[in-house]
Amino acid sequence: MNTNINDIRKTCYPSVTVDLNKLYDNTKLVTDACRKDGITVAGIVKGCNGIPEVGETMLRAGCTQLGTSRMDQIIDMKSRGMDDVEYLLVRIPMLSEAEEVAAYADISLQSELSVIRAVNDACGKFGTHHDVILMADLGDLREGFWDKSELVEAALCIENSLDNIDLRGVGTNLGCYGSIKPNVEKMNELVSIAEAVESAIGRKLEIISGGATSSYPLVLEGAMPPRINHLRIGEGILLAYDLKEIWGLDMSGMRQDVFTLKAEVVEVREKPSHPVGEIFIDCFGRKPEYEDRGIRKRAILAMGKLDFALNDKIFPRIDGVEVIGSSSDHCILDIEDCRQDILVGDILEFDLSYPSLMYLTGSRYVNIEIKKQGVFKREEK
């Protein structure tokens with residue numbers, strides 16, 4: 001009997017498994033810690049490319065908003081029935097997407113009055129209303145008003161001249177471009193800006209948004225100034241890797257294995273550890289350096305930079321396995337020191353960092369598996 005070609009199983013690997021129970025626990029720990037300081041948390045789902053089940057879990061565990069940088073992700077979550085959610089657009093909007101912002105997002109971070117006016121006009125067209133958080137640049141040199149008097153003038157314009165926009169608060173971002181560390185001084189500077197706005201408009205602001213995961217250590221240290229009442233947290237919930245490995249914080253209560261990368265071994269061979277011949281450039285136009293460690297046992301996985309981008313941002317869970325390089329579609333491992341007998345067809349597991357999670361969940365070639373209470377729900381990318 002001939003096999004129907006339509007019955008042939010599609011390629012399963014590489015895949016990323018999401019454990020919603022572990023995600024719930026991480027989210028609850030973060031939101032509970034913030035709640036004690038009067039801080040609400042926007043769960044940022046851009047790091048996993050807006051997987052709806054991730055957003056739903058964050059909300060159940062205490063997040064009051066879902067935030068992402070891409071309008072497509074908000075539209076996708078709404079199309080899947082997630083309507084009763086306040087969506088925060090965390091990348092300042094393009095002028096060209098003002099109508100989408102007005103139609104689908106509830107609140108956005110903003111730093112250009114021309115864009116705010118365009119969103120206001122679009123809201124008038126659709127009969128909708130939109131809230132904004134004005135961003136202050138405190139030195140990280142990404143988005144935000146640098147001239148604080150200009151920010152106050154923008155606040156007055158919104159308050160007095162734009163019928164379809166409400167000024168919800170002010171915020172800042174630190175540590176993403178300029179590597180500026182959020183500290184008490186920077187948070188107090190943001191509070192001072194908020195108070196200048198409040199003095200100008202004659203009312204209290206609802207939100208003073210103190211930043212992202214990089215600001216969360218101030219909560220853990222008990223040092224966050226009292227008026228900071230909103231944070232936008234993604235990596236600190238999804239992975240909690242940076243807080244442990246970069247900030248040196250005790251994250252023993254958090255799960256770093258919410259997401260699991262799985263990939264299949266397609267070759268196992270003993271080979272030289274140094275390329276043989278005249279070294280020129282690799283397929284990405286670079287000239288890497290190679291350490292000569294003699295003949296070593298190596299394995300190749302069926303995934304590559306097209307999937308995860310950065311070799312040093314995926315972490316094998318088996319001791320003695322080392323990622324030594326990759327091309328577009330192949331990942332090369334040194335397994336010489338691995339006590340486990342790795343064979344062709346084996347599935348190896350990896351922990352992830354934020355960059356690799358973003359790339360993997362955004363790839364159409366990577367399958368997403370949702371795990372809850374030991375049950376897998378298959379979802380094809």
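T213 counts as buried, at 10% relative accessibility; buried means under 20% relative accessible area, exposed over 50%, and partly exposed in between, using a 1.4 Å probe and protein chains only. This is a predicted model, in which local features need pLDDT of at least 70 and side-chain atom pairs count only at pLDDT 80 or more, while totals for chains, interfaces and linings use all residues. Residues are numbered from 1 along each chain as its sequence is written, and side-chain values use heavy atoms, with hydrogens and water left out.

Let us stay with T213 for a moment. You can find T213 in the loop between strand 8 (207–209) and helix 8 (216–220). Helices (H or I, at least four residues) and strands (E, at least two) are DSSP runs, numbered from the N terminus. Which residues does T213 touch, leaving aside those up to four places away in sequence? They are R232, I233, G234, E235, G236 and L243, where contact means heavy atoms within 4.5 Å.

How confident is the predictor? Its confidence in each residue is the pLDDT, from 0 to 100. The protein chain has a mean pLDDT of 95, and 96% of its residues reach 70 or more. Strand 8 has the highest confidence, at 99, whereas strand 17 (residues 375–379) has the lowest, at a mean of 50.

Now step over to R168, which sits in strand 7. R168 also counts as buried, at 12% relative accessibility. Not counting residues up to four places away in sequence, R168 touches Q65, E86, I107, D131, V132, L205, E206 and I207. By contrast, the C-alpha atoms of R168 and P217 are separated by 25 Å, and these two residues are 49 residues apart along the chain.

Next come the cysteines. A disulfide is a pair of cysteine sulfur atoms within 2.5 Å, and by this rule the count is zero.

Finally, look at the outside. Y177 lies in the loop between strand 7 (165–171) and helix 7 (184–201), and Y177 is exposed, with a relative accessible area of 58%.

How values were computed: pLDDT is the predictor's confidence in each residue, from 0 to 100.
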